[in-house]
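Here is a friendly tour of one structure, told through its helix packing and its sheet. Take a look at the fold before reading on.

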Amino acid sequence: MFRDRDIISIRDFTRDELTKIFNEAYEMEKNLDKRLDILRDKVLALLFFEPSTRTMFSFQTAMYRLGGETLIFSDVGKSSMAKGETLGDTIRIIDGYSDCIVIRHWMEGTAKYAADIAESPVINAGDGTREHPTQTMIDLYTIWRVKGDVDNLNIGLLGDLKYGRAVTSLIYGLMKFDVNKLYLISPKELRIRDEVRDSLNKAGLEYIETDDIKGVLNKLDVLYVTRIQKERFPDPTEYERVRGSYQVDKSLLEYAREGLIILHPLPRVDEISYDVDETRHAYYFKQARYGVPVRMALLKLVMVG
Ligand code: CP
């Protein structure tokens, strides 16, 4: 089911498969203070063509905790790509040195391209605006752990729903569950793309699109906040029009349900103010920590089964 599988899109996973990852991750949580030998003798290559803190280091930590080793490629200028080697040849070479490849790239479709070349399994760590499937596994796991289930919840997604790959993947992931209602909250310039809306309509998931966070906050069990993806805007004036157009701060939370949890894939810029960190609603740092057990579970399943 998982062994040697490429992880390119969250859409490729069934609800049962996601639940299996959650159960494995829950077991992994018991071993975060140890070095296991499940992946002893295995090598994970981390190819990052864009900056990363959480994804790269949590994969590295996960591999270490499972007893394996990592190769890190994060500076194209220090690789032979600086001498003109192609991405395809780079992947062929790294494939020969490793048992699994994690790749992040600014161009949509790069993870699939790498998977078509490599014999080893390839894991998409974010490709342009398209998808970030392992982040979605972490997001869903956090909801599952904290709320006990993903079903029957009202979930709000706030921010850049147009260019954000983490939130796009999460929308696809939520379609696998019986979510009560999705609230898509954004300035109108940053609403979901047409292909995502088409998928939502096909899935029959109930949703509304609004720019009024205050008006819907008291309906939400989960609020997932995202940064405006400045680096993805083709036109800087489009970015200037929406910059700073929303912020969650402590005063806004007066309108929140008692049990609201706030998530964010991070990094944040100004969309969640620091005074929210001390509230009972803030779960985004816990969510980032869940990155290690979830990625441990996935690496074990992909490399051992
Ligand atoms: N959430 C996430 O992908 O963070 P990084 O960009 O730091 O990896």
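The report below covers a sheet and then a pair of helices.

The model is predicted, so please read the values that follow as computed ones.

**The sheet**

Four strands form an open sheet in the order β2-β1-β3-β4, and their pairing is parallel. The edges are held by β2 and β4, each of which pairs on one side only. From one strand to the next, the twist averages 15 degrees. Between β1 and β2, the parallel pairing runs over five bridges, and L47 stands opposite F73 in β2. Helix α3 packs on this sheet, where it touches β1, β2 and β3. The direction of α3 makes about 150 degrees with that of β3.

Here are the residue ranges of the strands:

| Strand | Residues |
|---|---|
| β1 | residues 43-48 |
| β2 | residues 69-73 |
| β3 | residues 100-105 |
| β4 | residues 122-127 |

**The helix pair**

How do α2 and α11 pack, and at what angle? Helix α2, residues 54-65, and helix α11, residues 291-303, meet at about 60 degrees, with their axes 8 Å apart. That angle makes α2 oblique to α11. Their crossing is right-handed. On the α2 side, the contact is made by R54, T55, S58, F59, T61, A62, M63 and R65. Helix α11 brings G291, V292, R295, M296, L299 and M303. Sorted by class, this contact has seven nonpolar, four polar and three charged residues.

Notes: Residues numbered from 1 in each chain as written. Predicted model: local features only at pLDDT ≥ 70, side-chain atom pairs only at ≥ 80, totals over all residues. Heavy atoms only, no water. Axes fitted to C-alpha atoms, helices over the stretch in contact; angles between N-to-C directions. Helix = DSSP H or I, 4+ residues; strand = E, 2+ residues; numbered from the N terminus. Parallel < 35°, antiparallel > 145°, perpendicular 65-115°, else oblique. Left-handed = near helix turned anticlockwise from the far one by under 90°. Contact = heavy atoms within 4.5 Å. Nonpolar A, V, L, I, M, F, W, Y, C, P; charged D, E, K, R; others polar. Pairing = 2+ DSSP bridges.
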